[in-house]
2 protein chains.
Amino acid sequence: MHPVIMNRKFERRKTRRIMVGDVPVGGQAPVSVQSMVKVRTAAVKAVIARIRRLEETGCDIVRVAVKDRDDADAIRTIVSKVRIPVVADIHFDHRLALRSIEAGADKIRINPGNMTDPGEIRSVIKAAKRRRIPIRIGLNSGSFPATDGGSKEDSMVRSAMRAVRMFEQADFNNIIISLKASDVVSTISAYKKLSRLCDYPLHLGVTASGLPYEGAIKSAIGIGTLLFEGIGDTIRVSLTGSPEEEVWVAQRILSALNIRSFGPEIISCPTCGRCGVDLVRVVREFEKNLKRTMKSSDSQNRPVTIAIMGCEVNGPGEAKEADIGIAAGKGSGVLFRRGKVLRRIAEKDFVKELLKELRRLT
Amino acid sequence: MHPVIMNRKFERRKTRRIMVGDVPVGGQAPVSVQSMVKVRTAAVKAVIARIRRLEETGCDIVRVAVKDRDDADAIRTIVSKVRIPVVADIHFDHRLALRSIEAGADKIRINPGNMTDPGEIRSVIKAAKRRRIPIRIGLNSGSFPATDGGSKEDSMVRSAMRAVRMFEQADFNNIIISLKASDVVSTISAYKKLSRLCDYPLHLGVTASGLPYEGAIKSAIGIGTLLFEGIGDTIRVSLTGSPEEEVWVAQRILSALNIRSFGPEIISCPTCGRCGVDLVRVVREFEKNLKRTMKSSDSQNRPVTIAIMGCEVNGPGEAKEADIGIAAGKGSGVLFRRGKVLRRIAEKDFVKELLKELRRLT
C-alpha cells in the first residue's frame, strides 16, 4: 500500500520514531492503522487468512491475543506467512510475553493494570531489547486498579508515566503508549495530558466503544479530536464487529482530517425540499460501483473528491471545487470536471457519467 | 422530551441565549438537535407527518426549505400542526424570507453567500424584529464566493462577521451563526476562529458529508472536536439519508461527550482471541431488544450504562463501573449491578438477564 500523505492544515506533535516491523510509528511517519484478529491465535490457519484479508483492506499493523503458550508459539508460523507486523497482546503473565518475543512477535503490548511486578517487567524489557522490538505500554480503563484519589484519567496518566520511568531506568526507549477509556471524554483528556509529559508515540483508541455504527461515532470523536490537535501516531478503532470494519472506520477518520487518503471521497448533500432528483439512490449506487471499480484499480489511494449535489444552492460551488461533480436541478444536472462545466446530463445517467469521468481522471 | 443534562467535564463557551420558538439556544441551554425535512415544503401533509416522526425521535428544531411562495405559505399550516419550532431556509430571494416570517416561521436562515443586498437584508431584519424571531447567518462552503486571498475558513469567518456587523448596525442581536464546510478541517478551524470574535450562539455542522455511515464519522469528528472545546450551542448532522438518522447520530455525538443523555449506552468490547462467547451476537440482540423496550418506556433518557465484555482483562472492571454489566468467560459470565456481583449466568441467558436487570433498575 502506498498511502498518499495529504496537505495537513495542522501541526503534528513531535514524537520519536519507533519501528514496528517495517512500519514506522511516530516522528512524522504516516499515522498507521491497526486492528486485531478476533479468533484464537493458536488457530493458525484462520488467523493467517484473517490477517491477509486485513492486509487487503490496508491495515498497517495487526495484533493477536496471547492467552496461553499455544497462542504464543503460533506467532512463529503467523509472522512467517503474513506481510504486516504482528503484535502480541499480553495480560497477566509475563512469561507469555517472553515466549511471544521468542516466537518472533514484531511488538509486545503489556498492560500495567495487570502486570505490575518490576522484576517480571524488567525481564520482558530485556528480551525485547535483545530482539530490538518495541513494547506498547497499554492502559485500559477496564483493567485499571482503583484510582488514587484523583480522576480516572489522571490516575491512568500517572500509572503510564510510572511505567515509562521504569522502562527508562532499564535504558529502554523503544516505547509506544496508549491510554484507552470507554468514556470518550476521559480518553481525550488522558491523552492530552500524557502528550505534554513525554515524546513517545501515542497509540490512540476508545476502548469497548460498542457496535459498529455507534462505536464508530465514539471513536471518530475520541480519535478525531486528538488527531486534530496533532496528537496520535497510530490508531485502532475498537468495534464489536469485524476487524475489516475497524480498519475502514479508522481510514475514514484519517481521510476526513486530510491526514491520509484512502481513495475517492464523496461529497454529497443531505437533500431537502429543493432537491429535484433521487439523490440518495444516485449516491448509494455510485458508491457501490465505486467500491467495485476501486478494488481492481491501482489508483486506490488517490485523494480524488466527487461531489454529488442536489440543487443550485451549494451544488455548483461544491461541484466546481471537486475533481468531478454534479450540480443537479430538476431531473438533470450539470457535470463538472476540475472546475469546468462539461455538459448537462439526465438523472438516469448520473452514475454512469461519474464513473466514466473518474476513469478518465485516473 | 426531558433531556437529562449530565455532568460535563469541560466548560462550555459563554454565549447569549437566543429563543427558537420555545427552545433556548446558547447561554448554557442544553445543546439542541436539529434536522431538516427532505420533501417539498408545499406538500404540507407529508411535511407534517415527517416532522411528527422527527418529534418522536427527539429532534428539537426542524428546518424546511423555502424555494417558492407556495413553500413559504405552507409554513402557516405546518407551524400550527407541529410541536417543535420550524425554521425557514432561505436562499437568493429575500421576499421568501419576508413571506415565511409573515407565515409564522420560528426562525429564518439566510445565506450571506447568496443574499448580499444590504437593503434587502435590512428589510428581513426589520420583519424578524417585529415578529421577535431570530435569524441564522448560515454560511456554506458550497455557496461561498471566491475567497479574498486567504484560506476559505478565514474568508467565511470574515464574511460572517461582516453580516453580523450589518445586523448589529440595524440594532438586531437575535442571531445564530453557522459556518459549514464540506471539509472537516476547514469547518473546525472556521468555528474556532469565529468563536473568539463574538458571543452569538453557534449552530454546528459539516455540510454535504455524504452517505450515513461515512457522513456520521465526518460529522462526529467535526462537531465532536468543537463540542469538546466547549464550542457549539445547537447541532445538525447532514447526511445523504433520512432526517431520523441525522437526529440519531447527533444524539450519539452528544451522548458520547456526556453533554446530554438519550437513554442507555452500551459499552462492549471488540472481542479478540480471548473471547469465549459469541459477543457480537449477544450485543446485537440486546441492542435490538433495548430499542423495542425503550420505545414504550418513560425512562428513555436515563443515562444508564450497560457493559457487555468478553473476557477477564477489561471485563470485570468495565462491568463493575457500569449500572449493569456482564464479564464473560468461556460460555458463561458474571452479572454485575452497580459494582456488585449478582450471579453467574449462562451465555444463552445473557440478553434475557440484562433486560431483566435493566427493568429492575428503572
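Trainee: What makes strand β9 (residues 175-180) of chain A largely enclosed by the rest of the structure?

Mentor: In this predicted model, 6 of the 6 residues of β9(A) are buried, so the strand is largely enclosed. Buried means under 20% relative accessible area, exposed means over 50%, and partly exposed lies in between (1.4 Å probe, protein chains only). Local features need pLDDT of at least 70 and side-chain atom pairs count only at pLDDT 80 or more, while totals for chains, interfaces and linings use all residues. Side-chain values use heavy atoms, without hydrogens or water, residues are numbered from 1 along each chain as its sequence is written, and chains are lettered from A and ligands numbered from 1 in the order in which they are written.

Trainee: How do you know that both faces of β9(A) are covered?

Mentor: Look at each side: Ile175(A), Ile177(A) and Leu179(A) are buried on one, and Ile176(A), Ser178(A) and Lys180(A) are buried on the other. In a regular strand, side chains alternate between the two faces of the sheet.

Trainee: What makes β8(A) and β9(A) a pair?

Mentor: Two strands pair if DSSP finds at least two bridges between them. Here 6 bridges join β8(A) to β9(A), and the two run parallel. Leu139(A), for example, has Leu179(A) in β9(A) as its bridge partner. The names come from DSSP runs: helices (H or I) have at least four residues, strands (E) at least two, and both are numbered from the N terminus.

Trainee: Why are α5(A) and α6(A) called oblique?

Mentor: The axes of α5 (residues 152-169) and α6 (residues 184-195) of chain A cross at roughly 40° and come within 9 Å. Under 35 degrees would count as roughly parallel, over 145 as roughly antiparallel and 65 to 115 as roughly perpendicular, with the rest oblique. The two helices are therefore oblique to each other.

Trainee: Which residues meet there?

Mentor: Glu153(A), Asp154(A), Val157(A), Ala160(A) and Met161(A) of α5(A) meet Ser186(A), Ser189(A), Ala190(A), Lys193(A) and Leu194(A) of α6(A), where contact means heavy atoms within 4.5 Å. They divide into 5 nonpolar, 2 polar and 3 charged.

Trainee: Is Asp171(A) buried or exposed?

Mentor: Asp171(A) has 59% relative accessibility, so it counts as exposed. This residue sits in the loop between α5 and β9 of chain A, and its phi is near 60°, a positive value in a residue other than glycine.

Trainee: And is Thr271(B) buried or exposed?

Mentor: Thr271(B) counts as buried, because its relative accessibility is 10%. Thr271(B) also has a positive phi, about 65°, although it is not a glycine. Most residues other than glycine have a negative phi.

Trainee: How do you know that Ser143(A) is buried, and what does it touch?

Mentor: Ser143(A) has 8% relative accessibility, so it is buried. Leaving out residues up to four places away in sequence, Ser143(A) touches Asn111(A), Gly113(A), Asn114(A), Val313(B) and Asn314(B).

Trainee: What makes β13 and β17 of chain B stand at the edges?

Mentor: They belong to an open sheet of 5 strands, ordered β13-β14-β15-β16-β17 in chain B, with mixed pairing. β13 (265-268) and β17 (340-346) each have a single partner strand, so one side of each is left without a neighbour in the sheet. For β17(B), strand β16 (residues 332-337) of chain B pairs with it in the antiparallel sense over 6 bridges; among the bridge partners are Ser332(B) and Ala346(B).

Notes: Axes are lines fitted to C-alpha atoms, for helices over the stretch in contact, and angles run from 0 to 180 degrees between N-to-C directions. Ala, Val, Leu, Ile, Met, Phe, Trp, Tyr, Cys and Pro count as nonpolar, Asp, Glu, Lys and Arg as charged, and the others, Gly among them, as polar.
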